[in-house]
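Please study the sequence and the structure shown below.

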Amino acid sequence: MSFPVTKTIKDAIRADIGQSVTFVMEGTEVPCSSCLVSGYYDSVNNVSLDQFCPTCSGNYWITNDSNAIIVSHVRWITGEQSDFGIAGDIKQGDCIVTVDIDSLSEEQIANVKHVLIDDKKLEIFRTIKRGVPERDRYRFTLREV
Ligand SMILES: [Zn+2]
């Protein structure tokens, strides 16, 4: 006997095992590697001497994004769950992601540019610390961008 795998069951399994979510954070500025080795640093103007550099476009400084891939509990918000508040049917977010509080530092959260889930790009709309009695997880409300 085989059981039909419905979406509900798949969602339940996913909720139990978690899902890898990529948090893309703004990294620190580093010198352009090709301008650095060529010595093209204009220290007076803090730019590259090679304004046509294909790597940095003459900026000299490059900000590398850093990724944190974290197993999270992901719950997509369907249209029926919209918040019927005073202003009417306002969607509060597209997705709620819960992660262990040790997965990300507050500094990392502050630097999150966007979040990637299932090839979708989302932005953090609200961050809440949850857990009783200890705050042991973050709950992010995300909006698709
Ligand atoms: Zn360069």
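**One residue in its setting**

Glutamate 123 counts as partly exposed because it has 15 C-beta neighbours inside 10 Å; a residue is buried if 20 or more other C-beta atoms lie within 10 Å of its own, exposed if 12 or fewer, and partly exposed in between, with C-beta atoms placed from the backbone. This is a predicted model, in which local features need pLDDT of at least 70 and side-chain atom pairs count only at pLDDT 80 or more, while totals for chains, interfaces and linings use all residues. Residues are numbered from 1 along each chain as its sequence is written.

**Surroundings of glutamate 123**

- Glutamate 123 belongs to strand β9; helices (H or I, at least four residues) and strands (E, at least two) are DSSP runs, numbered from the N terminus.
- Glutamate 123 is in contact with His114, Leu142, Arg143 and Val145, leaving aside its neighbours within four places in sequence; two residues are in contact if their C-beta atoms, placed from the backbone, lie within 7 Å.
- Between the C-alpha atoms of glutamate 123 and glutamate 144 the separation is 6.3 Å, although these residues are 21 residues apart along the chain.

**Strand pairing around β9**

- Strand β8 (residues 112-117) pairs with strand β9 (residues 120-130) in the antiparallel sense over 3 bridges; two strands pair if DSSP finds at least two bridges between them.
- In β9, lysine 120 stands opposite isoleucine 117, and lysine 121 is the bridge partner of leucine 116.
- A hairpin is formed by β8 and β9 with 2 residues between them, and aspartate 118 in its turn has a positive phi of about 50 degrees.
- Strands β9 and β10 run antiparallel and are joined by 8 bridges; arginine 130 stands opposite arginine 137 in β10.
- The hairpin of β9 and β10 has 6 residues between the strands, and glycine 131 in the turn has a positive phi of about 125 degrees.

**The barrel and the core**

- A closed barrel of 6 strands runs in the order β1-β4-β7-β10-β9-β8, with antiparallel pairing.
- The largest nonpolar core has 12 residues, including Val21, Val97, Val115 and Phe140; such a core is a set of buried Ala, Val, Leu, Ile, Met, Phe, Trp, Tyr and Cys residues joined through C-beta atoms within 7 Å.
- At least two residues of this core come from each of β1 (19-31), β7 (95-100) and β10 (137-144).
- Valine 97 touches Val21, Ser72, Val74, Val115, Phe140 and Leu142, not counting residues up to four places away in sequence.
- In soluble globular proteins, nonpolar side chains tend to be buried together.
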